[in-house]
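Here are my notes on the model, written for a first reading with the structure open beside the text. Please go through the points in order and find each residue as it comes up.

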Amino acid sequence: PPFVELKRHPKDIPLSKEDIRRIKDILQNSQFDSFQIHPHYWLNGIKGIPRHGFELEQLRKIFNQINLIEKGFKRKSKNGFSYTLIYKISRNSFVKVSYFFDERLIKIFNAIPINRNLDKAVSKRYGLRI
């Protein structure tokens, strides 16, 4: 069916190919340690326990693997946009990582591991086929 509008999450805007290319360039030319970890990443804002169970070492391993980025979405935030990138690990495993690229210090907001079919998950949540 043709894409008309995002019914369940109207604030999510699919990234264009140009947006994804620009973001991949940023990630490829950046070091993981140059990104600040937003307090939201941690459970109760206390460093050490990731809110969604995705350890920083796991994130460090996939950070520069831009070939794993399948799709992405952006959502209006206080200082620009938050960008959520979908890293496809395998057919039934992917990680959604949210970044703030529009702030003075680039930040990683959160990382959420998902263990289900990527195509079905994105289609159900956003009404899109990838």
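This is a predicted model: local features need pLDDT of at least 70, side-chain atom pairs count only at pLDDT 80 or more; totals for chains, interfaces and linings use all residues.

1. The pairing can be followed strand by strand. Strand 1 is antiparallel to strand 3 (residues 69-77), to which it is joined over 2 bridges, and here Pro-14 has Phe-73 of strand 3 as its bridge partner. Strand 3 in turn runs antiparallel to strand 4 (residues 80-90), with 8 bridges joining the two, and Phe-73 has Thr-84 as its bridge partner in strand 4. Strand 3 and strand 4 also form a hairpin, in which 2 residues lie between them. On the way to strand 5, the antiparallel pairing of strand 4 and strand 5 rests on 7 bridges, and Leu-85 finds its bridge partner in Val-97 of strand 5.

2. Which residues touch the most other members of the largest nonpolar core? This core has 25 residues, and those with the most contacts to other members are Leu-27, Leu-59, Tyr-87, Val-97 and Tyr-99. At least two residues of this core come from each of helix 1 (17-28), helix 2 (56-62), strand 4, strand 5 (93-100) and strand 6 (107-114). There is also a second, separate core, made of 5 residues, which includes Phe-73, Ile-86, Ile-112 and Ile-114. As general background, nonpolar side chains tend to be buried together in soluble globular proteins.

3. Leaving out residues up to four places away in sequence, Tyr-99 touches, among others, Leu-27, Phe-35, Phe-63, Leu-85, Tyr-87 and Ile-108. Tyr-99 also belongs to a cluster linked by ring pairs, together with Phe-32, Phe-35, Phe-63, Phe-81, Tyr-83 and Phe-101.

4. The structure holds 10 aromatic pairs. One of them is formed by Phe-35 and Phe-101, an edge-to-face pair with 6.4 Å from centre to centre and 85 degrees between the planes. The pair links distant parts of the chain, since Phe-35 is in the loop between helix 1 and strand 2 while Phe-101 is in the loop between strand 5 and strand 6, 66 residues apart. Both Phe-35 and Phe-101 are buried.

5. Is Tyr-83 buried or exposed? Tyr-83, which lies in strand 4, has a relative accessible area of 4%, and therefore counts as buried, the cut-off being under 20%. If neighbours within four places in sequence are set aside, the contacts of Tyr-83 include Leu-15, Ile-23, Phe-73, Val-97, Tyr-99 and Phe-101. The side chain of Tyr-83 is also joined to that of Asp-102 by a polar contact of 3.5 Å.

6. Finally, please look at Asp-12, which is placed in the segment before strand 1 (13-14). With a relative accessible area of 7%, Asp-12 is buried, and its side chain makes a polar contact of 2.9 Å with the side chain of Arg-75. Asp-12 and Arg-75 are 63 residues apart in sequence, yet their C-alpha atoms are 5.1 Å apart in space. Between Tyr-83 and Asp-12 the separation is 71 residues in sequence and 9.5 Å in space, again from C-alpha to C-alpha.

Terms used. Residues are numbered from 1 along each chain as its sequence is written. Side-chain values use heavy atoms; hydrogens and water are left out. Helices (H or I, at least four residues) and strands (E, at least two) are DSSP runs, numbered from the N terminus. Buried means under 20% relative accessible area, exposed over 50%, partly exposed in between (1.4 Å probe, protein chains only). A polar contact is a pair of N or O atoms within 3.5 Å; within protein, one must be able to donate a hydrogen and the other to accept it, and residues adjacent in sequence count only if both atoms are side-chain atoms. Two strands pair if DSSP finds at least two bridges between them. A nonpolar core is a set of buried Ala, Val, Leu, Ile, Met, Phe, Trp, Tyr and Cys residues joined through side-chain atoms within 4.5 Å. Contact means heavy atoms within 4.5 Å. Rings of Phe, Tyr and Trp (its six-membered ring) pair if their centres lie within 6.5 Å; planes under 30 degrees apart count as stacked, over 60 as edge-to-face and the rest as tilted.
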